[in-house]
Amino acid sequence: MKKLLALVMAAALVFSMAACAGNNTSSGSKESSKTESKTESKTESKTEESKTSEGGDSGKLVEINLPTFKAGENVGAVFFLPQVERFNKMYEGKYKINIEEVPQASYSEKIKQLAQQKKMPVLMHTGVDNEWFKKVAIPNGFAYDLTDWYNNTPTKKFFIQDSVEYSTRDGKLVTAPAAVTRPMGLFYNSDLYKPEKAVHDMTVDEFIASLGDSKIAFQTADNAWCSMLFLSDLVANEEGGIEILKNNVDDKTSDFNQPAIVNAVTKLQKILQENASANSVGAAYADAANNFMSEGSVVILNGPWMSADFAPDSSDKWSNNFDGANVHADLLPGNIGLANTRGWGEWWVSAYATDEEIELAKAWLDFVNSQEELEAYMLAEGGSCPNMEYSENFLAKQGETQVLADLSAAINDKTQFTPSILDIMPTSVGETEVGKMLPQLIDGTLTPEQFCEQLSAKAADALA
Amino acid sequence: MSKIKMPDKGKRVRASKLERRDYKWIYLFLLPSVVMFLMFYFVPILTMFFTSFTKWDGFNAPVFNGLDNYTRLFSNPAFVISVRNLIAWSLIGIFLHVGFGVLVALILYHKPRGWKFTRAVFMIPNVISAAAWALIYKFIFNNEMGVLNNLIRMISPDFNVQWFYTSPYAFWAITFTWLFYAVIVTLVVLGDLMAIPEELNEAARIDGANQWQITTRIHLPLCRNAIGTSIICTVTSRVAMYEAIQLTTAGGPGDDTMNTPLILVKAIMDMNNGYANAAGVVMFLIGVIIMVIINKVMKMNEPVY
Amino acid sequence: MAGLKKFVTRFFMYLVLVFTVVVSVFPILWVIISSFKTNAQILSSPFTLPTSISFDAYAYLFTKYNFLGYALNSLIVSVVSTFVSLLFYAMGAYVIAKFNFPGKNLFYVLFAMTLLVPGQSKAQPIFALIMNLNLYDNIWGLTLVYLSGGMAMSMFILKAAFMSVPKSLDEAAELEGAGFFRRFWSINLPLTKSGLSTAGILMFLGNWNEYFYASLLTSSDKNRTLPIALQFFNEAFSYDYTKLFAALTVVVLPGIILYACAQEQVQASVAASGVKG
């Protein structure tokens with residue numbers, strides 16, 4: 001009977017809570033979610049203030065929570081968590097960043113919902129949902145204008161001008177621009193594949209011929225990442241292909257019937273049928289990487305951050321005699337590097353943060369864009385900073401990491417950089433549709449022309 | 001509260017004196033469910049209906065565009081496939097899935113050796129989240145390392161089928177992720193079977209009926225409600241099925257295994273929330289229609305005893 | 001002849017039972033066994049047993065995460081929400097099943113249709129609601145949301161369950177002077193234990209495995225539930241089949257263990273209700 005009583009009491013409690021809340025929603029959120037969240041933000045900033053002022057009394061420590069997916073087991077955590085530690089140590093007693101681990105799959109949704117309530121965290125990653133950022137966050141003034149910070153930061157010289165321009169919307173700098181660009185290329189296992197000349201000096205046909213019976217690790221699941229990178233290279237090698245890739249990043253395209261793309265898809269079909277690893281159909285990125293790191297294939301296309309997988313301390317990922325030391329990197333056939341410099345930087349700042357929090361955010365941005373931190377970042381995850389004179393220490397260390405040295409050596413004045421074809425597809429097409437159609441391209445259900453037609457139709461539907 | 005005083009309209013609702021006296025209690029008992037509904041479902045349903053007639057990105061003000069979303073939806077080939085899939089899956093669900101569940105329930109009712117164990121073990125697949133289950137099946141149907149194809153290869157060594165990635169296999173691969181997991185059906189039906197008064201069985205036996213006749217003439221009709229409930233559960237689950245597909249085929253190859261929730265999520269990805277909600281409304285209406293039909297066919301509003 | 005027929009029936013019966021057991025258990029068993037194999041073994045020979053057993057992957061997971069804490073949160077949230085919502089929906093289903101009153105069909109259809117409201121269109125209003133109640137990053141906020149989860153399914157199941165309780169019993173009780181609440185609590189509820197436990201199990205499992213709102217509505221480590229932790233593993237270990245299977249095992253096992261512990265109790269209470277009308 002006691003149990004029952006407790007139960008009933010719990011029920012009554014929840015119920016009364018529910019009843020109050022019920023009134024709130026049914027009266028409030030039909031159309032007036034905006035006004036609601038306005039009042040909401042007021043009370044919120046009040047509590048925020050009281051929090052920081054409390055901190056102010058006891059030594060002026062400004063503290064923020066930073067939800068991030070670069071924590072726990074995430075690959076990005078290896079570099080990011082120690083970086084936050086370094087920051088906390090440098091500003092000990094003044095600023096403190098506390099990490100809150102968020103699953104990568106939920107980060108974007110969480111930020112969107114918090115933003116709707118105007119309660120987002122002070123510092124946020126960009127690029128998680130680009131379209132939302134462009135269509136909702138910026139027009140509604142969620143992003144703090146970083147122009148002042150940009151004009152005064154000692155790190156100003158490092159930023160890539162393309163990214164600065166791209167991040168400037170209506171005269172406001174909505175993200176801290178990018179300083180580092182990380183061109184994507186390919187990795188090959190020199191134990192099994194020894195090209196006669198550098199891959200970036202070959203044409204696509206020469207490259208495929210040089211492979212012989214060896215395979216390339218491809219995937220079709222999710223966004224078909226590895227396959228799409230190759231398709232981007234194929235398009236870039238077609239007449240007018242680079243222009244198509246470069247000109248459609250901002251507004252996306254629904255015209256995939258252009259000859260350059262159809263020709264590239266025709267070639268991709270043959271390569272997927274003849275040169276792809278056995279598990280390509282249905283493979284997710286992890287399956288492709290797994291295949292490469294178990295000598296099922298000799299080539300994989302990816303960005304320089306994959307170098308971490310080839311370092312000795314990742315050896316638990318290797319099997320079947322695979323040795324990361326044998327891996328070399330190069331740009332793609334036709335001297336193509338895949339990089340999009342017309343993009344956001346890594347961070348944006350909440351417009352609803354308090355002044356102290358903004359100061360902290362600015363200190364953080366100064367910190368991560370300092371020469372030491374940028375160099376540490378590039379050593380850990382690859383990339384180059386075009387506007388920086390590297391320190392000797394950096395160059396020496398970069399030379400030690402085979403694949404990073406390979407990549408920086410491969411870049412010459414004839415190298416062409418282009419965005420990937422995923423960058424010109426509407427979100428749903430890039431994220432799922434193209435991957436769903438690839439198996440049909442491989443088994444011949446779709447001809448390259450039909451493939452491109454359907455891709456265009458789906459893109460048109462998404463953009464409508 | 002004014003509702004209570006309202007005179008009964010229509011013949012269907014004919015309350016006895018006894019019931020009318022209980023109105024206070026009846027509505028009191030309904031209250032928690034109604035509050036839950038108002039809190040968690042009322043606003044989303046209204047939003048869904050209203051914004052399905054607008055162009056809306058989910059945040060900025062919606063712009064009325066009439067039936068545009070609906071005409072676009074109905075002319076979308078993926079939607080046509082979705083409806084076809086829904087019909088096929090519903091029929092498979094009603095006849096094979098519910099059929100299997102009822103069969104197991106009828107067997108368990110006779111308490112053969114190991115019936116408790118079977119009943120307990122049958123539950124396990126339902127204990128696991130849909131996401132984990134989808135992942136497991138992705139491996140079972142894997143061409144290279146999957147159990148199924150390796151099993152088949154013991155007999156026919158050259159067998160190679162990419163279950164989730166080739167038509168028409170993908171449709172069946174998806175079907176197999178839920179087809180035999182009918183424990184809910186079994187439990188619901190078993191509950192009704194156990195509630196059948198023993199005298200009925202005895203009376204039938206005395207009249208000379210064999211087991212088959214007892215099962216088909218007495219047991220099954222008396223489980224009418226449970227079976228109807230199972231069918232409704234199954235079919236509505238098919239309408240709302242999302243993870244099992246998204247995490248295996250994502251609706252592919254091509255659009256082979258698309259269904260309405262996938263179209264909806266895809267549209268939200270592109271910030272076409274108005275369009276997404278049109279898909280939601282259609283899904284909703286299909287569900288209502290199916291429910292009404294099954295309710296009528298199975299006579300579920302009439303008491304069994 | 002009759003003997004043969006009986007034998008065939010028995011054979012068929014056991015065939016169905018064996019099949020049921022195999023399809024239910026085999027996939028999980030395969031995953032658990034595979035989690036002890038090496039990557040190469042998984043790829044080359046899916047049926048062999050592991051040659052050596054390694055708990056490395058598990059040890060690593062358990063030292064790094066506060067599993068017990070997450071499991072405890074999950075348990076509290078799921079148990080409380082299940083019992084409260086079971087009470088709520090049993091009350092609702094009871095009056096819908098047994099009485100005629102204005103709006104009866106409307107209410108039933110409304111409740112049943114909640115199953116068809118897409119999760120994506122609920123996310124925003126629910127998030128706003130929890131924020132307004134100041135229950136963000138609070139397991140009671142999550143509990144509140146979970147109360148709504150099993151509405152439709154339990155309405156289906158419980159309505160059917162109450163309908164199979166003979167009306168004569170209510171009438172008899174009424175004559176003996178039992179009030180409305182007593183008829184519900186002491187006559188109808190005990191006779192629908194089977195339906196109640198089915199609906200309860202379903203709601204419990206739904207809440208126990210719920211990921212979307214758990215990730216949306218909590219943020220700090222102390223309020224994390226099991227499915228969120230498991231999502232981290234899925235993301236982290238996808239590159240290596242051994243670890244992926246280990247992660248899957250960890251995902252799957254707590255639920256199964258819990259079920260194994262509870263099922264005796266649940267089934268016993270169901271069996272005890274064995275109604276003799």
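**Reading the chains and their contacts**

Guide: Of the 305 residues of chain B, 50% count as buried; a residue is buried if 20 or more other C-beta atoms, placed from the backbone, lie within 10 Å of its own, exposed if 12 or fewer, and partly exposed in between. This is a predicted model, in which local features need pLDDT of at least 70 and side-chain atom pairs count only at pLDDT 80 or more, while totals for chains, interfaces and linings use all residues. Residues are numbered from 1 along each chain as its sequence is written, and chains are lettered from A and ligands numbered from 1 in the order in which they are written.

Visitor: How many helices and strands does chain B have?

Guide: Helices (H or I, at least four residues) and strands (E, at least two) are DSSP runs, numbered from the N terminus. Chain B has 17 helices and 2 strands, and its C-alpha trace spans about 70 × 60 × 30 Å along the principal axes. Chain A, by contrast, has 18 helices and 12 strands.

Visitor: How is the packing of two helices described?

Guide: Two packed helices are described by the angle between their axes and the distance between the axes. Axes are lines fitted to C-alpha atoms, for helices over the stretch in contact, and angles run from 0 to 180 degrees between N-to-C directions. Here, the axes of α14 (residues 224-240) of chain B and α8 (residues 151-163) of chain C come within 9 Å and cross at roughly 175°. The two helices, α14(B) and α8(C), are therefore roughly antiparallel, a term for angles over 145 degrees.

Visitor: Which residues meet between α14(B) and α8(C)?

Guide: Two residues are in contact if their C-beta atoms, placed from the backbone, lie within 7 Å. On α14(B) the residues are N225(B), A226(B), T229(B), I232(B) and C233(B), and they meet M153(C), F156(C), I157(C), A160(C) and M163(C) of α8(C). The residues of this contact comprise 8 nonpolar, 2 polar and no charged; Ala, Val, Leu, Ile, Met, Phe, Trp, Tyr, Cys and Pro count as nonpolar, Asp, Glu, Lys and Arg as charged, and the others, Gly among them, as polar.

Visitor: Is D413(A) buried or exposed, and where is its place in chain A?

Guide: D413(A) is exposed, because 4 other C-beta atoms lie within 10 Å. Its place is in the loop between α16 (402-410) and β12 (416-418) of chain A.

Conventions
Angles under 35 degrees count as roughly parallel, over 145 as roughly antiparallel, 65 to 115 as roughly perpendicular and the rest as oblique.
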